[in-house]
Amino acid sequence: MEKDYIQLPPMPSDTPTELVAIVWIYARMDEPEKVQILDFIRENVKPGTNRARKKN
């Protein structure tokens with residue numbers, strides 16, 4: 001029986017756990033779901049911005 005493994009890319013040790021969880025969920029998605037998520041991100045996040053760090 002072949003085992004199905006997912007390996008995440010190396011990330012900095014100070015990566016927020018919420019981000020690690022999101023990457024993990026994305027990695028486990030089927031391809032059609034991944035396409036939907038990437039389309040959503042491309043439509044709603046402007047390139048070159050980092051909204052996560054813009055806190056008031």
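This passage reports the computed features of a predicted single-chain model.

Residues are numbered from 1 along each chain as its sequence is written, and side-chain values rest on heavy atoms, with hydrogens and water left out.

The secondary structure of the chain consists of 2 helices and 0 strands, assigned as DSSP runs numbered from the N terminus (helices, H or I, at least four residues; strands, E, at least two). Of the 56 residues, 4% are classed as buried, where buried denotes under 20% relative accessible area, exposed over 50%, and partly exposed the range in between (1.4 Å probe, protein chains only).

A pocket is here an open set of points on a 1 Å grid over the protein atoms alone, where a 1.4 Å probe fits, with protein on both sides within 12 Å along at least five of seven lines; lining residues have an atom within 4 Å of a point. The lining comprises L19, I22, V23, I25, Y26, M29, I37, L38 and I41. By class, the lining has 9 nonpolar, no polar and no charged residues (nonpolar: Ala, Val, Leu, Ile, Met, Phe, Trp, Tyr, Cys and Pro; charged: Asp, Glu, Lys and Arg; polar: the others, Gly among them).

Residues I37, L38, F40, I41 and V45 make a nonpolar surface patch of about 400 Å². Patch members have over 30% relative accessible area and no salt bridge, with nonpolar side chains (Val, Leu, Ile, Met, Phe, Trp, Tyr) joined within 5 Å and like charges within 9 Å. V45 lies in the segment after α2 (31–44) and is partly exposed, at 37% relative accessible area.

The whole structure contains 1 salt bridge, defined as a side-chain nitrogen of Lys or Arg within 4 Å of a carboxyl oxygen of Asp or Glu. R42 pairs with D39 in a salt bridge, the closest N and O atoms being 3.8 Å apart. Both residues, R42 and D39, belong to helix α2, 3 residues apart, about one turn of the helix. R42 is exposed at 59% relative accessibility, while D39 is partly exposed at 34%.

Note on methods. Predicted model: local features only at pLDDT ≥ 70, side-chain atom pairs only at ≥ 80, totals over all residues. Areas by Shrake-Rupley, 256 points an atom, 1.4 Å probe, with all protein chains shown as cover.
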